[in-house]
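Please consult the sequence and the structure while reading the points below.

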Amino acid sequence: GVLPPYKCKLTGIYDRISISHASAIADAAPDSVTWIAPKVADKITAISQSKAGLIICDYDLQIPDELCKEKGFIQVENPKLVFSLLVNRFFSDTPSPQIHPSANIHPEAKIDPDVYIGPFSHIGKSVIGSGTIIWGQCFIYDNVEIGKNCEVHAGCIIGAPGSGYAKNEKGEWIKFPHIGKT
């Protein structure tokens, strides 16, 4: 199961094409899979002008027979979602689980074995769930819990004290302590 069960219609020459990458519709090649948004005004013209071999489009689109002889079509109710699922499954560069040697990990951090932690990241006394990717140069403070299958992009800081303030009776700003979880 690559995809959850969706209402889907396969048309055209979908069974006779070879796909090696995903592309935007305007940049596609014959070995590309692409998608077209349901809100595009003239979808047939956009599809005709695209060189893509496989196009994910909306379920109710009436595709002319001549296009069905040159391209494959996956017709679904939510083309953007299905395209996203396919690209994430077959064409994404998901790193293998590992902790980069330059990462600084607190000895009491609880990190699932199926996690990627990139170079020069700092992980405090935290919990990181299975399938999570933490790219390079991230700083995760103590007491942070990151769930399963999350992605933290390079340079992120999570768990730092907030920048909230409260005024006292003299009108002076006092730093507000950010404690607890949201």
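**Salt bridges and a parallel sheet**

K125 is partly exposed, with a relative accessibility of 39%. The model in which this residue is described is predicted. Side chains of opposite charge can pair when their charged atoms come close.

**Salt bridge of K125 and E108**
- K125 forms a salt bridge with E108, and their closest N and O atoms are 3.1 Å apart.
- This pair links distant parts of the chain, 17 residues apart: K125 is in the loop between β10 and β11, and E108 is in the loop between β7 and β8.
- E108 is also partly exposed, at 48% relative accessibility.

**Salt bridge of D58 and K43**
- The side chains of D58 and K43 meet in a salt bridge, with an N to O distance of 3.4 Å.
- D58 belongs to strand β4 and K43 to helix α1, 15 residues apart.
- D58 counts as buried at 12% relative accessibility, and K43 counts as buried at 14%.

**Salt bridge of K7 and E77**
- K7 and E77 form a salt bridge in which the closest N and O atoms are 3.9 Å apart.
- K7 lies in the segment before β1 and E77 in the loop between β5 and α3, so the pair ties together parts 70 residues apart in sequence.
- K7 is partly exposed at 46%, whereas E77 counts as exposed at 55% relative accessibility.

**Parallel sheet**
- Four strands form an open sheet with parallel pairing, in the order β6-β9-β12-β15.
- The edge strands, β6 and β15, each pair on one side only.
- β6 pairs with β9 over two bridges, and Q98 stands opposite Y116 in β9.

Notes: Residues numbered from 1 in each chain as written. Predicted model: local features only at pLDDT ≥ 70, side-chain atom pairs only at ≥ 80, totals over all residues. Heavy atoms only, no water. Pairing = 2+ DSSP bridges. Salt bridge = Lys/Arg side-chain N within 4 Å of Asp/Glu carboxyl O. Buried < 20%, exposed > 50% of the residue type's maximum accessible area, 1.4 Å probe, protein only.
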